[in-house]
Amino acid sequence: MSPVLSVLVHNKPGVLHRITALFMRKGFNIQSLTVGITESPDVSRMTLVMSEMDEAALEQVMKQLHKQIDVLKVTDLTEEPMVARELVLIQVNSPVQQRSIIHALIEPFRANIIDVARDTVTIQVTGDTNKVEALIALLRPYGIRELARTGLTALPRDSVLGSDARRVSEGQVLPI
Amino acid sequence: MPGLSEPTQDMSNNIPSEAVTEPKLLKGADMVVEVLRREQVDVIFGYPGGAVLPLYDALYQCGIRHVLTRHEQGAIHAAEGYARVTGRPGVVIATSGPGATNLVTGLADAMLDSIPIVAITGQVAKSVIGTDAFQETSIIGISTPITKHNYQIRHASEIPKVFKEAFHIANSGRKGPVLIDIPKDVAGEVAPFTYEDPPQLPGYQPTVAPHHLQIRKVMSGLAEAKRPVILAGAGVLHAQASEQLLAFAERYRIPVVHTLLGLGGFPANHELFLGMGGMHGSAAANKALYETDFLINLGARFDDRLTGKLDHFAPNATIVHVDIDPAEIGKNIPTDIPVVGDVGEALNMMLSVAVDKPDCSGWVEELLAVKAEFPFWFVQEGELIKPQRLIAEIARITDGEAVVVTDVGQHQMWAAQFYPFRAPDKWVTSGGLGTMGFGLPAAIGAHFGKPDALTVAIVGDAGFQMTLQELAVIGEMQLPVKIVIVNNGALGMVRQWQELFHGERYSSSLLEWQPDFLLLARAYGIPAMKIVSDAELSGQLEAFLAAPGPGLLECIVEPRENVYPMVAPGTGIHQMVGVKP
Ligand SMILES: Cc1ncc(C[n+]2csc(CCOP(=O)(O)OP(=O)(O)O)c2C)c(N)n1
Ligand SMILES: [Mg+2]
C-alpha cells in the first residue's frame, strides 16, 4: 500500500521547496502532495502519498523529514484509522440527450454537477481514492475532456482537529 | 558602477559589547558584527562585493580579524579547516551571485563531513529580488540540498534571532553548514537589538543523551561477544570523546578501527589500534570488520568507501550504531541496537555500567598478529622517493604532532596510512565529498585555528593547482604553513584506477606539462625547494620543516606508485588486494 504521511511544518516561505528538494535529493517518489494551513496560522499540514516502498525506505523518509528544521511532526497514517479525502473535478462529454444518464451515474457517488456547457458538464466529487477512481472509470467511456485532482488530504480519525499542532504550540485552545 | 551604491554611515566603532539591558537600535550590518562578537568569532574568511559592502563597512576596523582569501572557495575551505581543528563554527562571507555560487563546493563538503560553518552571503535588495538584478542568484534554492539549514533575512529585526539559531544549528546535533542570505538593503535597516538566549526551535531538538535501556542492551550484548570491535568515526571527534573511547576500549580490551575522518580519535600507537578500515584500510582493520560478531559503531556513518559491498560487511555481527543523527541509523546497514545520542554521552553511560569482560583474548591476539604481519607497506627501490616514505618521514620529524591537512587523491590515502595520529583534531581532510583543492585553503584555516601548531599541507600536484591562488594569503601574511607537493606527475588516483580497471588507458590523467612550482611559490613570496631523490629526503625535509615561516617543498615521487591494500569497487572488505608486497 502507498504510505500516507501527515507532516506538520512551519508555515513560512521556502518550506515546500525544502521538502521537495529533500525528496529529489534522496530519490523518494511521491504520488501526491497537498499543503494547507492548519488551525494554527504558523503551521501547515502536508499530506504526502508516497510511491510504494518497503519499511526501511519509509523509515528513512520519515527520519529525513524529521531532520528538517522546519518540520514539527511526522505521522505515518498508513496503518492508522484516518479520514482521507480528495476532491476531483471532471469535465466530461455530455450532449444534452446523455445528460440524465450522467446524472444517474454520479448520483450514488454524491457527486455534483457544478458547471454546465453546451456539450460538457463538470462534475465535482470528494472521497477517498477508491471512490474517486471508481467514478472516473465509470465516466471514462463518455469521454473525459479534462480532469483535475487535488491529491489526498488526511487526518488521523481519533484526533481532535488540530491536536497535532497543539502539541507543538503550547497553550493554544482550539475552537472545534 | 552597478551594484555599488548608498555608502552607509559607519557605526561599528561605538557598539558596546556588554549585554544591553534596553534593546538598542542598530543597523543590520552592525548587528551582524555585534552577533559575531558575541559568538566569539575571532576570524572570518571572506571576499567582498557589491551586496556585502555595507557589511564590510561595518567590519572595517571592528576588531574581528578578516582574512581575504583570493577566491570564495578558498574562504569556505579555510573556514572548514578552522572548524575542524577548533570544534567551533567557521565563518565565511561572500557577496551575492558569483560570490555565493563560489561557496557551493565548500558547503557540500561541510555538509557531507558534518563541519560547522556559518556562511553569510549578500543578496540584491529586497525590492529587486526575482528580477534577475545584477549579481542576483537564488543561493537559497541552490544551497538547500547542501546545507543543514539556510535563511534569507527579510528585515534587520530578524538578524539576532536568525544568527543565534544559525550558530546553534551549525554546531549542535550533527554539525553542518548553515547559510544566511542578507539582502543589501537589510544591512542598512535599523531595528532594536536583543540577543535572545536560547534559540526557540521546536522542530530541532537533537537527542544528546542516549536512552539508558539501549545502553544496557549494548553492554549485555558486549558481555556475550566473542569477537567485538569498535568502529570509531568522526563523531568521536565532534563529541570530544577520545578519552572515554580510550578508557572504554582498554577496560574491555576491544580493538579499535577508525574511519578516514575519525583518525586521531584513538591513539595510533596504541596496541589495540588496528588502523583505518575501508577501501585503503589495513588488513587487520578490515579483517576485524568482516569477522566481528559485535560491531560497536561510534559516530561513523557506514560510508561506502568504508563498508565495501554491503553484503560482506560485518555479515555475522550484532550491529550497535551510536549516532547523534537518527537518520544515519539503519540507512546503509540494518542495525540491531540503535543508540541515538552524542558519542561522548553514550561512552560515559557505557563506562558507568559494569559488565563482565567478554571472553575474546583469542580474537584480539589473532588481530594483533595480523596487524603485525600486514602493516601498511611499500618497497624502497632505486633512487626515486616513495611517497609513503615521504609521509613516514614527515611523521618522524614532526613526531606525529603536526596538524596535517591534505588534498584528495593518493597522497591523502598515504597520509592517512602512514601518519600516526596520536591526538584528536590534528587531521584535516575532505572525506565525504573528496574535494580536490581543499588542502591548501583548509591548511590556512587550520593555522588560524591552531596558530601554535605546525601545520603541514600535503597536497597532490593536480589538486594543488585547483586553489593555488591562496598562496597569496600565505605569502602576504607569511603564515608558517608548510606545503608539501607530492608530485607524481599525474592525477594519481585516477591514474591508479585506469591502470587497474581501465586497461591502463591513461585518459587525461597524466600531467605531461607542469608549471615550475618553485617559481610559482617564489612569485608569492614563499621560499621553495625541491627534492628528487631518496638520498636527500630526510636531510632536506628536516631543514624544510625546521625553517621558520612559510615554505613549499616539491617532492618528485615514484610516478607509478599505487595505494594498497585496496578493496576494489563492488567487492567486499574481505577481498582485499595488495596486503603484502
Ligand atoms: C574537484 C575534484 N575533481 C575531480 C576529482 C576526482 N579525483 C579524485 S583524486 C584525483 C587525482 C588527484 O591528483 P593529485 O592532486 O595529483 O593527487 P594524487 O592522487 O596524484 O596524489 C581526481 C582527479 C575530485 N576528487 N575532486
Ligand atoms: Mg598527483
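How do the residues of the lining of the second largest pocket divide into nonpolar, polar and charged? There are ten nonpolar, twelve polar and eight charged residues. Here Ala, Val, Leu, Ile, Met, Phe, Trp, Tyr, Cys and Pro count as nonpolar, Asp, Glu, Lys and Arg as charged, and the others, Gly among them, as polar.

Some conventions first. This is a predicted model, in which local features need pLDDT of at least 70 and side-chain atom pairs count only at pLDDT 80 or more, while totals for chains, interfaces and linings use all residues. Residues are numbered from 1 along each chain as its sequence is written, chains are lettered from A in the order in which they are written, and side-chain values use heavy atoms, without hydrogens and water.

To return to the pocket, its space is about 760 Å³. A pocket is an open set of points on a 1 Å grid over the protein atoms alone, where a 1.4 Å probe fits, with protein on both sides within 12 Å along at least five of seven lines; lining residues have an atom within 4 Å of a point. The volume is the space filled by probe spheres set on the points, which are joined across faces, edges and corners. Of the 30 lining residues, the closest to the centre are A:Lys12, A:Pro13, A:Arg18, B:Tyr151 and B:Gln152. β6(B) gives the most to this lining, with four residues; strands are DSSP runs of E, at least two residues, and helices runs of H or I, at least four, numbered from the N terminus.

Next, the interface. 16 residues of chain A are in contact with 19 residues of chain B, contact meaning heavy atoms within 4.5 Å. The two chains bury about 1400 Å² between them, 56% of it on carbon and sulfur atoms; this is the accessible area (1.4 Å probe) lost on putting the two parts together, summed over both. In chain A, A:Arg18, A:Lys63 and A:Ile69 lose the most area to chain B. The rule finds one salt bridge across the interface, a side-chain nitrogen of Lys or Arg within 4 Å of a carboxyl oxygen of Asp or Glu. B:Asp325 forms a salt bridge with A:Lys67, the closest N and O atoms being 2.6 Å apart.

Finally, the backbone. The peptide bond from B:Tyr564 to B:Pro565 is cis, with omega near -5 degrees. Phi of A:Arg110 is near 50 degrees, a positive value.
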